[in-house]
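Keep the sequence and the 3D view open as you go.

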Amino acid sequence: MPAPSTRPRHKPAPAEAGPTLDLERYVPAFVTFIANKLSNSATAFYQREFGVNVTEWRVMSLLAIEPGIPASRICHVIGFDKGPVSRTLAGLEKRGLISIRTDPNDGRTHSISLTARGRATHDKVIAAALERERRLLSCLNKDEREVLIGLLRRLHENLGAVTGGTET
């Protein structure tokens, strides 16, 4: 089934109404639409199958890669504010999926890691996540996938041009 178009289904406004975006070509909207649809469907699927939402999965996948990192690192990598990350961490800890320990060298910093239960959940979800990615990218050949990844990486590295920060 082809993806729904972002083209308007009604008669366009006359030109004198002012400029409008071409949602078929405006990259920030296109990326946002794709991300929103991926996140919404992932949350529904991961919640139903594994009992975690997409934000929890993002945190868990990062902790599998970088065990023992502080919350500030999680915020930086996944691009969320402290509030949502803190709430997500509290929920994961309450369910026994992560452990949060105070850093003995700096009482203000916490070391966050997956528990054995969290790692087991991670290992189940990752198979589904990789299958979802495979299905999403199935319309591209290997060379196109590599080009896409390279372009997305360059855009990510260039976020500071529009955010005023140094997001990477």
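The sections below go from the whole chain to single residues.

## Basis of the model

This is a predicted model, in which local features need pLDDT of at least 70 and side-chain atom pairs count only at pLDDT 80 or more, while totals for chains, interfaces and linings use all residues. Residues are numbered from 1 along each chain as its sequence is written, and side-chain values use heavy atoms, with hydrogens and water left out.

## Overall layout

The protein has seven helices and two strands. Read from the N terminus, the order is α-α-α-α-β-β-α-α-α. Helices (H or I, at least four residues) and strands (E, at least two) are DSSP runs, numbered from the N terminus.

The protein has 168 residues, and 21% of them are buried. Buried means under 20% relative accessible area, exposed means over 50%, and partly exposed lies in between (1.4 Å probe, protein chains only). The accessible surface is about 12,000 Å². Carbon and sulfur atoms hold 57% of that surface. These areas come from the Shrake-Rupley method with a 1.4 Å probe; for residues, only the protein chains shown count as cover.

Contact means heavy atoms within 4.5 Å. Take the contacts between residues at least 6 apart in sequence: 44% of them join residues at least 24 apart.

## Helices H1 and H2

Two packed helices are described by the angle between their axes and the distance between the axes. Helix H1 covers residues 27-50, and helix H2 covers residues 54-65. Their axes cross at about 85° and lie 8 Å apart. H1 is therefore roughly perpendicular to H2. Axes are lines fitted to C-alpha atoms, for helices over the stretch in contact, and angles run from 0 to 180 degrees between N-to-C directions. Angles under 35 degrees count as roughly parallel, over 145 as roughly antiparallel, 65 to 115 as roughly perpendicular and the rest as oblique.

H1 brings Ser39, Ala42, Thr43 and Tyr46 to the contact. H2 brings Val54, Trp57 and Arg58. By class, four of these residues are nonpolar, two polar and one charged. Ala, Val, Leu, Ile, Met, Phe, Trp, Tyr, Cys and Pro count as nonpolar, Asp, Glu, Lys and Arg as charged, and the others, Gly among them, as polar.

## The loop between H1 and H2

Gly51 sits in the loop between H1 and H2. Gly51 counts as partly exposed because its relative accessibility is 29%. Beyond its neighbours within four places in sequence, Gly51 touches Tyr46, Glu56 and Arg95. Gly51 and Thr121 are 70 residues apart in sequence, yet their C-alpha atoms are 8.9 Å apart.

Val52 is in the loop between H1 and H2 too. At 1% relative accessibility, Val52 is buried. Leaving aside neighbours within four places in sequence, its contacts are Thr43, Tyr46, Gln47, Met60, Arg95, Leu97, Thr121 and Val125. Val52 and Leu92 are 40 residues apart along the chain and 8.9 Å apart, C-alpha to C-alpha.

## Two glutamates

Is Glu56 buried or exposed? Glu56, in helix H2, is buried, because its relative accessibility is 8%. Its side chain makes a polar contact of 2.7 Å with the side chain of Arg95. A polar contact is a pair of N or O atoms within 3.5 Å; within protein, one must be able to donate a hydrogen and the other to accept it, and residues adjacent in sequence count only if both atoms are side-chain atoms.

Glu49 lies in helix H1. With a relative accessible area of 45%, Glu49 is partly exposed. Glu49 and Val125 are 76 residues apart along the chain, with 8.5 Å between their C-alpha atoms.

## Two serines

Ser99 belongs to strand S1, residues 98-103. Ser99 is buried at 16% relative accessibility. Its side chain makes a polar contact of 3.2 Å with that of Arg101. Setting aside neighbours within four places in sequence, Ser99 touches Ser111, Ile112, Ser113 and Thr115.

Ser72 belongs to helix H3, residues 71-78. Ser72 is exposed, with a relative accessible area of 53%. Ser72 and Thr109 are 37 residues apart in sequence and 9.0 Å apart, C-alpha to C-alpha.
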